[in-house]
Amino acid sequence: MAKVFTDKERDVLKKCASAFNNWFSNQVDAHVRRVLHRQPEECLRLFKELADLITSMNDSTSIITESSYPLLKRALVVALKAEAEYIESLSERTSNHNIRTQLDEELQSYTKLTEQDWFKKAKIAPIPKLTDFLTAQYAVEALGNEFASLPKRRYDEKFHILLAPDLFIPDLKYYRAVCGLRGKSVSVAYIDIDDFKNFNTTRGEPYVDREVLPKFMGALEFHLFEHGHAYRFGGDEYIAILPNMSGENAVKNFEHFQKEISKIEYYEITDKITVSIGIVEVSEDCPLTEREIETKAAEAKKEAKKRGKNKIVLWEGR
């Protein structure tokens, strides 16, 4: 049975459809027309479907049928991500709790829709990608200089083994873009050393920094070499990006890492390091911002610790 949307919900969905129309026009259609000097039928068809959807939204007496749900879901996903990124950019400019709360509340009209049954059950509508019309070279060039290559590599200033933490967000943006062109996922892993305080209490932080952490971080860097990147977020917390890898394969990858670090020997320390890991698969349809992905990976890591530590949890959400 088709859902009856309220006038307020219709307004939000109409806004989402318009935002998605503009996004697709700028990110796909315009680039294809600029490079090939023609407009593909697939793009024209999508614009027609969106125009019909917006027209039906304007008529409060019209019924939005289930056949429209996939396109509505796509529009909501695109609009939600864009709005969340805008809200994040404003939140980063203030430390005032009340203002941040007000900003977060502005997203609720979108997020409430994602919690409804129609959204959860509907399959998201497939849409044309740049690589459906342009070769990989021209598709990547169309993305702009920001995605032409990874940002300049910089290492963590204390140990010089893993990458600097402020590279994580731009790196993830890059891989989401170039993997998305190819219809591939990126996985993000949040890694936490179990019972790390015990090592510091027993041996002291200078000893651990000298004899333990360099070996552990070296093992993580070696493990991901040519397969991904790892970033040092703190003394016992790390985050990793695994391009072109599903969540399921990322779990298998880090199961191997857990076995590898169980064999590491540390000077005058008999205890073995174990890690709890939370993983998020970032598909091309993922509505989460880069910061939200980091948060969800950290939440999955906390769940791994709750399950007894030395565990891996794959986040399952929208």
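This is a predicted model: local features need pLDDT of at least 70, side-chain atom pairs count only at pLDDT 80 or more; totals for chains, interfaces and linings use all residues.

Biologist: Let us begin with helix H2; how do you know that the span of its 18 residues agrees with what a helix should give?

Modeller: At 1.5 Å a residue, the 18 residues of helix H2, residues 41-58, should span 26 Å, and because the C-alpha atoms at its ends are 26 Å apart, the two values agree. The buried residues of H2 are Cys 43, Leu 46, Phe 47, Leu 50, Leu 53, Ile 54, Ser 56 and Met 57, and what covers them includes helix H1 (7-36) and helix H3 (69-91).

Biologist: Why is Leu 13 called buried?

Modeller: Its relative accessible area is 1%, and because buried means under 20%, Leu 13 belongs in that class. Leu 13 has its place in helix H1 and, leaving aside neighbours within four places in sequence, is in contact with Phe 5, Met 57, Leu 72, Leu 113 and Trp 118.

Biologist: What makes the meeting of Arg 33 and Asp 29 a salt bridge, and how far apart are the two in terms of helical turns?

Modeller: The distance from N to O is 2.7 Å, and because a salt bridge requires a side-chain nitrogen of Lys or Arg within 4 Å of a carboxyl oxygen of Asp or Glu, this pair qualifies. Arg 33 and Asp 29 are four residues apart in helix H1, which means that about one helical turn separates them. With 36% relative accessibility Arg 33 counts as partly exposed, whereas Asp 29, at 2%, is buried.

Biologist: Which salt bridge partner of Asp 194 have you found?

Modeller: Asp 194 forms a salt bridge with Lys 305, with their closest N and O atoms 2.8 Å apart. This pair links distant parts of the chain, since Asp 194 sits in the loop between strand S1 (186-193) and helix H9 (196-203), while Lys 305 is in helix H13 (residues 290-306), 111 residues apart. Asp 194 counts as buried at 3% relative accessibility, and Lys 305 is partly exposed at 23%. Salt bridges with shared partners join Asp 192, Asp 194, Glu 237, Lys 301 and Lys 305 into one network. A search of the whole structure finds 21 salt bridges.

Biologist: What makes strand S4 mostly covered, and which strands pair with S4?

Modeller: Seven of the eight residues of S4, residues 275-282, are buried. S1 and S4 pair in the antiparallel sense over eight bridges, and Ile 193 stands opposite Val 275 in S4. With strand S5 (residues 312-314), S4 pairs in the parallel sense over three bridges, where Ile 279 has Leu 314 in S5 as its bridge partner. The chain passes from S4 through H13 to S5 in a β-α-β crossover that is left-handed.

Biologist: Why does Gln 258 count as buried, and what does its side chain reach?

Modeller: Gln 258 has 15% relative accessibility, and because this is under 20%, it counts as buried. Gln 258 is found in helix H12 (residues 247-261), and a polar atom of its side chain lies 3.1 Å from the backbone oxygen of Val 275. Not counting residues up to four places away in sequence, Gln 258 touches Val 275, Ile 277, Asn 310, Lys 311 and Ile 312.

How values were computed: Residues are numbered from 1 along each chain as its sequence is written. Side-chain values use heavy atoms; hydrogens and water are left out. The expected span of a helix is 1.5 Å times one less than its number of residues. Buried means under 20% relative accessible area, exposed over 50%, partly exposed in between (1.4 Å probe, protein chains only). Contact means heavy atoms within 4.5 Å. Two strands pair if DSSP finds at least two bridges between them. A crossover is right-handed if, with the strands pointing away from the viewer, the path from the first strand over the helix to the second runs clockwise. A polar contact is a pair of N or O atoms within 3.5 Å; within protein, one must be able to donate a hydrogen and the other to accept it, and residues adjacent in sequence count only if both atoms are side-chain atoms.
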